[in-house]
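Here is a short briefing on one protein model. Look over the sequence and the coordinates first.

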Amino acid sequence: MLYFQVVILSSAAMLVYYCEFTDTFSPAEQGFICRDPRLSRPDPGPESSSGIHPMTLYSVLGGLPVVLISGVELVMFLFHSSNGFHDQEKVVVLADCLYVNPMIRRTSRFLGVFAFGFFTTDIFVNMGQLVSGSLAPYFLSVCRPNYTALGCEDVALFISRPDVCTGDPQDVMRARKTFPCKEAALSLFTALYLSIYALSCVGINGGAAADPPLLYHVGQSGCTDGCEQSRRVQEHLE
């Protein structure tokens, strides 16, 4: 069983690599209207010039649960080892010769589920971006189509040709992959997984009385983050 789990997790990680770091998959090429004001916003620049680099955000989203879960499991193992808390986590016997500590088993199980969910979320978001090909509000600023050659200097024509962009191909591809938002999806998954993990830990001693306040604070944080993202998008459009 463990062998199949490792193979599935490795396959998911490999697919994430192809989606993130290679040009194996290309987004759908949607057409646009010449000089469309909804697609003519200023180019915000490369992602590396943003306040928080995307790789830094991904590292935090992927590394924070690892640190928190490992620390919590270690503390629980140290403080509950005397009262038989881990008795329910019997040692795992593999091939009748390998024994796994209950703490290591619990930690690897939680982290394995998180890693698989994180990779799966990234894959589904990438597939959604590739299939939808949603154009960013600054698409025409990075596409830089030749309106004279297209014959739409004075007439608003619908352009569906795939070879009309003269800008940087990487910037054009980035402008075609804007929906769904990857940062929002990964942040939401991480928050939900940590909240579920916290509920499973609190439920050991706190019972059901601790669940509503924790869910309320998690939901409030999600709503606040969503409102902040909407405000930033509106400011960019203005």
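Predicted model: local features only at pLDDT ≥ 70, side-chain atom pairs only at ≥ 80, totals over all residues.

Residues are numbered from 1 along each chain as its sequence is written, and side-chain values use heavy atoms, without hydrogens and water.

**Confidence**
- Mean pLDDT (the predictor's confidence in each residue, from 0 to 100) is 77 for the protein, and 74% of residues reach 70 or more.
- Helices (H or I, at least four residues) and strands (E, at least two) are DSSP runs, numbered from the N terminus.
- Residues 233-237 stay under 50 in pLDDT.

**Helix α1**
- Helix α1 covers residues 2-21.
- A12, V16 and C19 of α1 are buried (under 20% relative accessible area, with a 1.4 Å probe and protein chains only; exposed is over 50%, partly exposed in between).
- Seen down the helix axis, the buried residues of α1 fall within an arc of 65° (taken from the directions from the axis to the C-beta atoms), so they line one face.
- Y3, M14 and F21 are exposed on the other side of α1.

**Backbone geometry**
- F179 and P180 are joined by a cis peptide bond, with omega about -5°.
- P180 sits in the loop between α6 (169-175) and α7 (182-205).
- R35 is not a glycine, yet has a positive phi of about 55°.
- R35 lies in the loop between β1 (32-33) and α2 (54-80).
- R144 also has a positive phi of about 55° and is not a glycine.
- R144 is in the loop between α4 (139-143) and α5 (147-150).

Conventions. Expected span 1.5 Å × (residues − 1). Contact = heavy atoms within 4.5 Å.
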